Amino acid sequence: VSEGFYDVSIVGLGIRGPLQVTRETDEVLRSCRVIHYVATEPDAVDYLAGFRAELNDLHRLYTVGRERMPVYRAMTEAVLRDGRERPPTALALYGHPMMFVTPSRMIRVKADLLGLRTRVLPAISALDCLMVDLNLDPNEHGLVQYEVNYALLYRPSLDPNVPCLLWQVGSAESTLYAMPPRTPNRFVRLRNYLRQFFPAEHVVALAVTATRPEAESDVTWLTLRDLPDAYYLIQGLTTLYIPRVGRRWAEATLASGECAPRPP
Ligand SMILES: C[S@@+](CC[C@H](N)C(=O)[O-])C[C@H]1O[C@@H](n2cnc3c(N)ncnc32)[C@H](O)[C@@H]1O
């Protein structure tokens, strides 16, 4: 583990429990006085309870149907307070600490302003597991990734020859934590956006990689047209995978003189 003293360490716990925690992270957690954590899997919580540090569950700050941003601010404040008053302090998060984790970025910025020494350690992300489940290697055709609401707001152009992952699809059209109930309407604008670049019959996947070593990943394939009707399958851990268009469809557009999918 890197030399020196850090007031705050931000680490990831992997996706499938303690077997996916790196030895580097394990060593850092061993030295901490306080461990704040955002993780709900019992195995991960049991693992953290094995350290001598005081534990603080930050996931309990979320309230269903309430805004996420004030929760991120409260998490940031709690970690920085202990970073100042009771170092060394850690924030341990599900997955990789820099993959779609707003509080990690907020803590880094504020810690710099406060003169606190911070470090972030890499970890296994859902991306690493999904690459296995979906047989994805960016070496082949590249890989594009967006947070779903970023894509809805800024509408980046997608290249149909490049596979795409849309993260946090369960939060489409919402800044709230797990806003229930979900309806097909939540996914209509998303489907229409994707239809600008991919045909209606294009087969996409709702993917949830296994969160326990003995569990199976859950990958449901459906056409883009049917995405809104599958709203009830879309949950907090779902990532939407849009494969690149197959050669057959690309060639068919040449044969028909059609250079882009028809608008929805
Ligand atoms: C707040 S982000 C946290 C990601 C996490 N830091 C990581 O490294 O994987 C939550 C989003 O990550 C993705 N995600 C998390 N767990 C997943 C899983 N088991 N399978 C598929 N996607 C997952 C989903 O897009 C979900 O909405």
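Predicted model: local features only at pLDDT ≥ 70, side-chain atom pairs only at ≥ 80, totals over all residues.

Glu173 has a relative accessible area of 32%, so this residue counts as partly exposed. Glu173 forms a salt bridge with Arg189, and the closest N and O atoms of the two lie 2.9 Å apart. The pair links distant parts of the chain: Glu173 sits in the loop between strand S7 (164-167) and H8, Arg189 belongs to helix H8 (residues 188-195), and 16 residues separate them. Arg189, for its part, is partly exposed, because its relative accessible area is 38%.

A second pair involves Arg225 and Glu201. Their salt bridge brings the closest N and O atoms to 2.0 Å from one another. Here, too, distant parts of the chain are linked, with the partners 24 residues apart: Arg225 is found in the loop between strand S9 (218-223) and strand S10 (239-242), and Glu201 in the loop between H8 and strand S8 (203-208). How accessible is Glu201? Its relative accessible area is 47%, and Glu201 is therefore partly exposed. Arg225 is partly exposed as well, at 41%.

Let me turn to the third pair. Arg86 forms a salt bridge with Glu54, with 2.8 Å between the closest N and O atoms. Again the link is between distant parts of the chain, since the definition of the elements puts Arg86 in the loop between helix H3 (69-85) and strand S4 (89-93), and Glu54 in strand S3 (residues 54-57), 32 residues apart. Arg86 has a relative accessibility of 26% and so counts as partly exposed. Glu54, at 42%, also counts as partly exposed.

How many salt bridges are there by this rule? The count comes to 9. Some of them share partners, and in this way Glu41, Asp43, Arg212 and Glu214 are joined into one network. In general terms, side chains of opposite charge can pair when their charged atoms come close.

Is Thr239 buried or exposed? Thr239 is buried, because its relative accessible area is 4%, and the cut-off for that class is under 20%. Leaving aside residues up to four places away in sequence, Thr239 touches Leu130, Leu165, Leu166, Trp167, Val169, Ala205, Leu206 and Ala207.

Technical notes
Residues numbered from 1 in each chain as written. Heavy atoms only, no water. Salt bridge = Lys/Arg side-chain N within 4 Å of Asp/Glu carboxyl O. Helix = DSSP H or I, 4+ residues; strand = E, 2+ residues; numbered from the N terminus. Buried < 20%, exposed > 50% of the residue type's maximum accessible area, 1.4 Å probe, protein only. Contact = heavy atoms within 4.5 Å.
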